[in-house]
Each structure stands twice: as C-alpha cells, then as structure tokens.
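Q: I'm new to this one. Can you walk me through it, quick and plain?

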Amino acid sequence: MNALAARFNAIFGADMAGPLAALVAVLIVFGFASPHFLTGATFGSVAFQLPELGVLALAMLMPILTGGLNLAITFTANIAGLTLAWTLQAKGGIDAGPGAFLLGTALALAVGAASGLVMGLVIAFTRAHPILVSLSMMIFLRGLGEFLTRGGDISGFPTFIAPIGHGSILGIPVPLLILIACVIATHILLSRSKLGFSTYMIGSNIESARYSGINTRKVLVLVYMLSGVMAAVAGIIMLARFNSVRVGHGESYLLITVLACFLGGINPFGGFGRVLPVFVALIVLQLLSSGLNLLGANQHLTTAVWGILLIVVMVLRWLSAKFIRSVK
Amino acid sequence: MRKLFLSHTTEVVLFAVIIAMSIVLGFATDRFFTLGNAFDLLNISAVNIIFAVGLLVVLIAGGIDISFAVAASIVQYVTALALERIGGGGWVSGLLIAACLGIVLGVINAFLIHRFRIISIVATIATFNVYFGLLMFFTKGVSIYNLPDWLTSRVIIYEREMADGSWAEITLPVVVMAVCTFATWLFITRTTTGRQLYAFGDNPEGARRFGINIGAMQFIAFGWLGLMAGIAGLMQAHYAQEVVPNALYGRELDVLAAVVLGGARLGGGKGSVLGCVLGVLLVSITQNGLNLMGVSPFAFKMFVGAIILVAITLSSARIGNLVPVFATRKSTDAQPADRGES
Amino acid sequence: MSTATNDGVKARPLLSLRGINMTFGGVKALKNVSFEVLPGEVHCLAGENGSGKSTLIKVISGVYRPADGAEIVFDGERISHMTPAMAQSRGIQIIWQDLALFPEMSVAENIAFQTLSGSRPRFVNYAAIGEIAAEALARLGVTLDVDRPLKDFAIAQRQIVAIARALVGEARIVFMDEPTASLTQSETDHLLAIVRALSASGIAVVFVSHRLAEVLEISSRITVLRDGALVGVYPVEGMTQSKITELMTGRTFDQNVRARDVSQNPVLLSVSKLSRPGEFEDISFDLRRGETLGITGLLGSGRTELALTLFGMRRPAAGTIVLEGRAMRFASNREAIASGVAYLSEDRLSLGLNQPQSIADNLVMASLNRILSGRLISPDKKRALVARWIADLGIRIGKQDDAISTLSGGNQQRVAIAKWLATDPKVLILDAPTVGVDVGARAGIFEIVARLAETGLAILLISDEVPEVYFNADRIIHMEKGRIAGWHDPRATTLKDLEAAVYA
C-alpha cells in the first residue's frame, strides 16, 4: 500500500491524488447515473466550455503562488476583449481583415499586461495587500468598462473569428488547443524557468528570497503582468465564443477560479502548488457541470455542488493528514 | 492629540481625505453641504456599514469571509417566506428570524474552519458557492415583491423640511446601523471577549498559550458577522422594498475593500469600528459627489476603484519602500520567529 | 533521583513532575522525565536545541497534555489535567522564548492580559489595567508609555513587557525560556538582578539559557536534559561550563586557537572610512585572501548593519569598499553576489533559509544561473549541484526534496553555507553562524570554515559569542556602538582578556 502510494507520488506528485480521485469518482457516478454521460457529446461540451474558465484559472494561479490573489482577472478579460472589439470595429467591423485582428490581439494582450503592471508595481513597491490592490483594480476596470460601453454589448465581428471560439483542428476544439498551450506554457514557466522558481520562493518567504539575491519586485511585477496577459487571452476566447463583448461576461468565474486552484492543491498562502493538478481539477468541475446538466440540474445547482466538492476535498485532506499522523 | 494621531494613523488620514473631498465638493456643487444630502449619505451607507462592522470582527480575528453577502440574501429570502408563513409578523419577529438565520449561516463557516482546519478564505469561497448556488436553485431566481407592509413602508425617525421644500430624513436603517456600530464597538473594545479576538488575530499561538479558547473565537467572530449580515439583509430588503435573490451578489468584495481601506489588516489583530465606518463613507461620498457633479453613473465605479487604488498606494507606501536604499530596515512589528523546540 | 539541595535540607518541592512522556508524530519529545523545583530557588533547565526544554515548559503550563501516567504536583496539590487557565490561577507564569506577546495591543493590555483572558465575558476596566501595568513595570524599575501599542517598542523592551506580564498577579514560579537571547549585557545584568530579587521574595525561577556563564552565575541547581530524557539534577557548586556542555552533549570538547599569520596574503577586500550615521562610523579594515577576520561586539554594536552594507543591501553614507582593486558601489545584493560577496544571515529561520521549501531549492536559490540549460533550469544540473555540495560539506539529509525545516539546526546551517559557496564567492560573511546550532554541531561548522579559509576564501566571521571568534579567527575586530573599539590577535591575548574588553 505504502509502496503503491510512493509510486503514485513519484509519477504524478502527491498533490495529484485529490483531483484524480475526484475525476474518477465523477466519471463513475455520472457514468452510472446517466447513459449519455460517457459519450462524445459530453466531452465535446466540456472541451468547449473548459477553456474560458481554464485560462482564467491559470491567470489566478500565479498570483496565488506568490502569496497574493488577482481579483481583477475577469474584468481584465472584459477590457482586453473590448480592446480587440474596438480595434476590429475601427478597422471595418464585419469586414475587418486578419491584420486588424492581429493588431487588436496584440493591443488586447498589452492592455492585460498593463493592468497587471499597475497592480504588480503597487504590490511590489508599497507591499499593500494584493487582495485590496486587485480588488480596487477590479472595481476600476468594471467601472471603466461600464463607462465606455454604457453597459451594452459590442458585437459584429468578421466571420473568420468564429472558429477561435467554435472551430476544431483535427477534431480538437480550437479553444481547447489554446488552453492546452497555455497550460503547457505555464507548467514549463513554473517548473523550469528562473521566474517560476522565484515565484515559489517568494510565495513561501519573500524576505529570504530577497536575501538570496532574487529580485523580488521584478518577479512580482512580472507575475501580475503574466496574470493580466493570461486574463486577456481568456477575454479573446470569450469574445470569439459569444461573438460579442459585454462587461460582466464571465464575472461569476472569478471565485470559481480560486476554487479550482484550491481544489488543485494550491497552497492558499502561496509557495506550493502545480499547474497539472489544477488542470485536472478544472476538468472535474466542468464534467460535474455537464453531468448535472444531463440529470436536469441547472448551472446554479452546479455552483452549489462545486462548493460542496471543495469542502469535501478539504475535509478528506484533513482526514488523510490525521490518518498519516496516527499511523506514524 | 499627538498620541491619538500616532495610534490611529489610518483613521486620521481617511478623515482628512474625507474633509478635503467634502470641501472640494462643497465648492463644486450647491447640494453637497446640505442636511438632506448628509442624511441621504447615511441612508445609502447604512446597510454597507452594518456589513462592514460585522466583517471587521472576522478580519480582526485573523479570518476572512467571502460568503456573508450571499448569506444575507438567503436570510432575506427565507425571512420573507417565514414571515408569510406566520402571517406577516412585525419588526421584532422579523429581526429575530433574520438574526438567527444569519448566525446559523456564519456558524457553518466557523464549524468548517475550526473542525476541519480549513483556511477561512477556502472555506468561505466554498460556502459562497454553496449558499448562492442553492439560493438560486431553489428560488429559480424569482424575486419576492409582496413583502409585509411593515417591512416595505419607510420608517422615518427624524425629518425636517428644508428651505427649498425638500425633506431631509433619517430612516430606520440608519438607526439600526448606529445600534450595530455601537454594539460592535462596545463588543470589540470594551469586553474581554472582544480583546481576546484581537489577541487571537494578532498572535494565535500566544493566545492559545494563554488558554484562550480558539474554537470559541472562530464561532464568536463568524457568528457576529452572521448576525450583522442577517440584520443588514433585512435592512436591505426594507430599503429596496423587495427581495431579489442576487441583489447582494458581489457586495462582499465592495464591503471588503471599504473595511480594509479603513485600516483593518488582512491577517488579523488590527482594525477599528471608526476606520471601518470612514472607509464605507469615503466610498459613498465619492459616489455621491460624482452624482452631484453630474458625472455619468457609469463612471462612478471607475473613480471609486481609482480612488481606493490611490489611497492604498499612498497609505501603504513609506519612503523606505519606495526608495530601495532605505528598504533594508528590518520590520520591527514582527515578532521574532518561534524558535521553540517542539 | 537526587533532590538534595545545597544545604542538604529536604524542603517540600513547589512543583514536582514525574513520568512525563510526550510524543509528536511518532517522535518521543520527552521520555519519562522528572523535574522538581523548590520554593524560591533559581533553577536552571539546560539542554541542547531539541532536548525537550520548551516541550517540558509547555507541559507544565498546560499547553501540551502529556501521555497517561504523568504526575504533576504543585504545592502539594495533585493536578491530573493541567490547563493554561489552571496554571495561571496557581501562579505558574511563563516568559516564552518567542515572548508570545500581542504587538498590536497596548503595552498595558499585554502586561495585564491575564485580566482579559478567561471564557466568561466581562467588561474591560482599562483604568485597572493601566494601574496593573504601571505597577508591574515599577517593580522592574522601568518606565514605558503603557498606552502605546507594543509594536512601537524594540525587542529588548518587549522582553521587559513579557517579564512584567509574568509578575502580574500572585506569581509563585516563573519560567524564563531564553530570556537574554536579545538583550545587551547591561540589560541582561538588570534581568539577573530581577531574578535574584524574585528569588529573595520567595518566587521560584526556572531559567532556561544557552549562555552557560549566566547559568552558573545565577542558579542553585541545574537539571540537564538530553534527547528528551533526564540526564540528572546537579548542584551548581563545582560545576564548570565545560562540564555542563559535556552533560548536555554527552561528549567532550577541546578547543585550540586556530589563528594563523596571513599578513603575506594579498588584500582582497579593503574597507575604508565606511559610515552609516546611527549604525556605524569610520570603519576601515583590510581582509586578505585566506583570512578569517572576526568581528565581535554586543548587540547594537553595528555588526550586522556593517555586514548588510558590504552585501549591498544598504548603501554607505560615506567611505569606500574596494574589492580586488575595484571600487564597489552595490545597488543591490544581486550586484554584491555577482561580484563575489556572500552573506550568511544571522536569522536563519526567516531570512537565511526559506524554511518551508526543499533542501535542493534552498541550496540553488542564489546560483540559478549555474544550473540553466538554455533559458530553463535543468533538473539534472540542479540535482548534481546539490549532490555535490551535500557530499562536500557532509550534510546529512533524507531526500533532496525534503523541506529544509526537517533538518537539524547544524545541517540547516550547512545548507545555508552551501547555498553561498555555490555562488563561488570570494568573500564570505558569516553572521552569527552558530545561532540555534547545537554545541556538538558547532565544531563541525567551524571545521568547514577553516577548510574554506585554506582554499583562499576570505571570511568575515561575525559573532557575539566571544569564544567563537577567539578560537576561529585570525584577527579580531571589537566593535562598540558602531565604531571599531580595538583590534585583537588571538595568539597574543587570552580569552579572558578579550571577554573583559568586549563586555566592559
């Protein structure tokens, strides 16, 4: 038993146990509960719904690892989406060309980075609490967006944008491909780059990191900028999926991304956690959603079940920690 | 005076900012410095201040709560249904039901946090989703408009006709807010339990070694917030004259921003009722001022966000942190790390 | 077990413990320990880190509950389950090693916290609290503004507050866990006088300190613990420091002066008239290749501030730092590290090492550029680098990925040294390298230091433990109030003379 656990930990990492167990449980329970669950349709819908939430969760992940939080991700995504939308409109709306799209995308990513830059600078240089900084940025961006759009929708984009939200390459949905690319990039960044290494070190003790010659301010600023860029990617995916931009789109994802990170074993105080368990946790959440949908439940019941799942996982972690202590 | 200034820096700064803003607004608009507007400000801020003083207690005890606003929505809804069941009720039964429900929902958080050692932000994000999801599921998002008459009719405590013929009024929520604020102040500064909450938030291990009941601290803090959330929920229903299940969704972050702006520390041990009230008022005055100056309502939040961002940047920034040369001063407000042997 | 007192009279013990066992996660922290304190005596509890001293205090104060079979008798009353509240009501007071104070609360509330504790809610009487605090401070002959929050005060004053807190109410026995750790000599003397006064007024004091000289000066009996077990109880008469060390570690130590003549070696670091007002003034010295230059002085002498300036974390107001003939103006410690300066922090727990992170990550933290392959960190290079230093410094570890906090103090410090050696430094500043390191493991650290000096590394050895500097440095600077008060050559002076100069 112990040897098996050790092998599992060696292959997947100890933090993978919770999410994988939840994944198996969800597959089994809904597999029995609904004959339509283990079908291509379910996985197709998951594949299309997962990316927005998934990319936003990645945007949340890195700040949490530094011991912070970025509550501005959803509205950063909206503002980035607006940037792209306006660029397209300025360049001909429905008739805009790929050049306009590329320009708009670049501007959208830059806007995301700028939002992160401001937060990162304030957090790094004043040591104000990230919750408060990102919260005020969130309120600001929401206000800015509502002011600029007067609460309305922006739509009317060239047709070649639709495939980003709805198309498939080799049978794999394009948004899922984007998500997978982002997951891989974040994984490599965190596990192999100097920035990633420093992120973890700052998360568990920023002063000791500084004494060891890590440029803690630069790291914090970069982390929040990358978080902003990731949020912008999510904003672009949302634009393509809904074929419109409205400030407030995806607002309810905000706390779900935090939930997904915790479910994936990210330490709420920072310093510990990996991308892949979070990715699995996201799949679990989305499968739960689809499964409950098949059983006739609506999104709100799903939200409640997501919350219950987080509690259950935390209680199980507590029990297993207690068990390990008693065995020793 | 100097002592007061030193020990209440945040409150003094906030107060100065509010005064400065008021002076500017007083010159920029005719209406800002009128009794009617001042009362309006209080009427508008009452519900948020009740939430804020509740959240303050949890922050002081070193916790955080994301779920209280949706908990208040549940309280509103269930109280409305319960009142209908008992045939209308009145203020006493309404407040009693709302308070009890609020306490129960707060205590659920405390239970998860204390019994299973779940960190408060994780526990309350979970209960936030559970509370909100279940509320929307069972209500199907349907609002309640046929509330009892006593609940929807405005209760004016004090009124005065102004020179221009308008009425300056203080309504019931303001009085309830004043009672809640005073009760919270009395509780956290004048009772031993309140001081224990500060001590527990400041140095949990130190409090434990003094034999302070850690579990009781969690239940009291979250119970108090639950109580305040319940009362605030009922007051909001009274103010809005309807119960909309997702009306308070998102309010938790606005209140959190105001409370932390008021000097409460995420991490515990620090915060005052005065700061908390000033934090909420600063946000309200900003919105009120923008409104009077004829700024588009769509832009309100933008300014509020920007002002909070600037305020925290200024209040957190010390010379030492901005100029790297001086930044190596070791923080003196940290206890030396535990070198215990256990 | 011997309980004979100095005069041979068998007094009834005030506190008596028998059969105390305590287990944490499978590790036995206390093994069948007995402990006795007589009324009014000053009793020393001695032992290395991890020997169980603090655990024993937590059992006595009711923070931990010992395993079944334990017997606690206080003043003739058998107590089956001690709780913190019971301990307080009986006058058992603890001054914790980490003080366990409340920085955001006022000094008065901290001192009179006992009146705020208890589960029955009451209204707070601030006037009474102020009086209690003022009275307790007056007993210590100290005046502090009791209305200010504790965080406004320096660590030494906080120590005073912790002591004052212990004196509130009817204290019968006071435990002091390393109370002098952050005090200067004169403050320590003052504290020792307080301890004597307490003892004279019939209050028993249990003194836990690693400074053996203090122990010998003040106590009448010593209880020694080793690895969670009782070694014995001894009268202080006839005890020497080396004998206590021997009892604590179970080993004997001989020390010789290591100093060599390095005056022919080329100068590596030349510091001239370096000043930072309020911290240090007019500091000049040359540090040669292969030299170990000791810097000693009391707390507040400006040692650490000087080290941080050489490490680029503070900027000098005046003076020059010349490294290998080039004048240095470090904008940050990153530049200092790149130029070959390394600094081992005095505070290993919060600054020197990143305690929750792994051994491997801590070791490579300052030298990431050396384990890159392309732009990414190479796991193989990292593993190899870590393995090399673990072997080189003889660090005993389980796995590279274990948290650094799982290691003993001595092994942690070796990892911290390895972290800096991996940056290939020319100058290594060691600031209090043996804090929290067991007596037995200190020798191992200094063997490493000596070996490094042989390879040509220039070492600045900072310590307030005068013997450490005396036995291990080639030359010694004595700093006082931010200035160089004198130069000493260990080969030309005795330890006693040096200590006399420093503690004067």
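A: One term to begin with: helices (H or I, at least four residues) and strands (E, at least two) are DSSP runs, numbered from the N terminus. By that reading, C:Asp361 sits in helix 12 of chain C, residues 359–364.

Q: What should I know about the model and its numbering?
A: This is a predicted model, where local features need pLDDT of at least 70, side-chain atom pairs count only at pLDDT 80 or more, and totals for chains, interfaces and linings use all residues. Residues are numbered from 1 along each chain as its sequence is written, chains are lettered from A and ligands numbered from 1 in the order in which they are written, and side-chain values use heavy atoms, with hydrogens and water left out.

Q: Back to C:Asp361. Buried or exposed?
A: C:Asp361 is buried, at 13% relative accessibility. Buried means under 20% relative accessible area, exposed over 50%, and partly exposed in between (1.4 Å probe, protein chains only).

Q: What does C:Asp361 touch?
A: A:Phe197, A:Met201 and C:Lys382, leaving out residues up to four places away in sequence. Contact means heavy atoms within 4.5 Å.

Q: Next, C:Thr223. Where is it?
A: C:Thr223 is in strand 9 of chain C, residues 221–226. C:Thr223 is buried, with 1% relative accessible area. Its contacts include C:Phe35, C:His43, C:Cys44 and C:Val233, not counting residues up to four places away in sequence.

Q: How far is C:Thr223 from C:Ala197?
A: The two are 26 residues apart in sequence and 22 Å apart in space, C-alpha to C-alpha.

Q: New topic: helix 3 of chain A. What span should it have?
A: Helix 3 covers residues 40–65, which is 26 residues, and should span 38 Å at 1.5 Å a residue. The expected span is 1.5 Å times one less than the number of residues. The end C-alpha atoms are 35 Å apart, which agrees.

Q: Where does helix 3 of chain A bend?
A: At A:Leu50, by about 40°. The bend is the angle between axes fitted to the seven residues ending there and the seven starting there. A proline, A:Pro51, follows within four residues. Just after the helix, A:Gly67 takes a positive phi of about 95°.

Q: Why is helix 3 of chain A called largely enclosed?
A: Because 19 of its 26 residues are buried, the helix is largely enclosed by the rest of the structure.

Q: Now chains B and C. How many residues make the contact?
A: Chain B gives 39 residues and chain C gives 51. About 4,100 Å² is buried between them, and carbon and sulfur atoms give 54% of that. Buried area is the accessible area (1.4 Å probe) that two parts lose on being put together, summed over both.

Q: How many salt bridges cross the interface of chain B and chain C?
A: Three. A salt bridge is a side-chain nitrogen of Lys or Arg within 4 Å of a carboxyl oxygen of Asp or Glu. Over all chains the count is 35.

Q: Which partners does B:Arg209 have?
A: One is C:Asp98, with the closest N and O atoms 3.0 Å apart. Another is B:Glu205, also at 3.0 Å. B:Arg209 and B:Glu205 both lie in helix 10 of chain B (residues 204–209), four residues apart, about one turn of the helix. B:Arg209 is buried at 4%, while B:Glu205 is partly exposed at 25%.

Q: And C:Arg260, which residues does it pair with?
A: C:Glu454 meets C:Arg260 in a salt bridge at 3.1 Å, N to O. That pair links distant parts of the chain, 194 residues apart. C:Asp474 also bridges to C:Arg260, at 2.9 Å. Both residues of this second pair lie in loops of chain C, so the pair ties together parts 214 residues apart in sequence. C:Asp474 is buried at 2%, C:Glu454 is exposed at 58%, and C:Arg260 is partly exposed at 27%.

Q: Which residues form a network of salt bridges?
A: B:Asp202, B:Arg265, C:Glu104 and C:Lys151 are linked in one.
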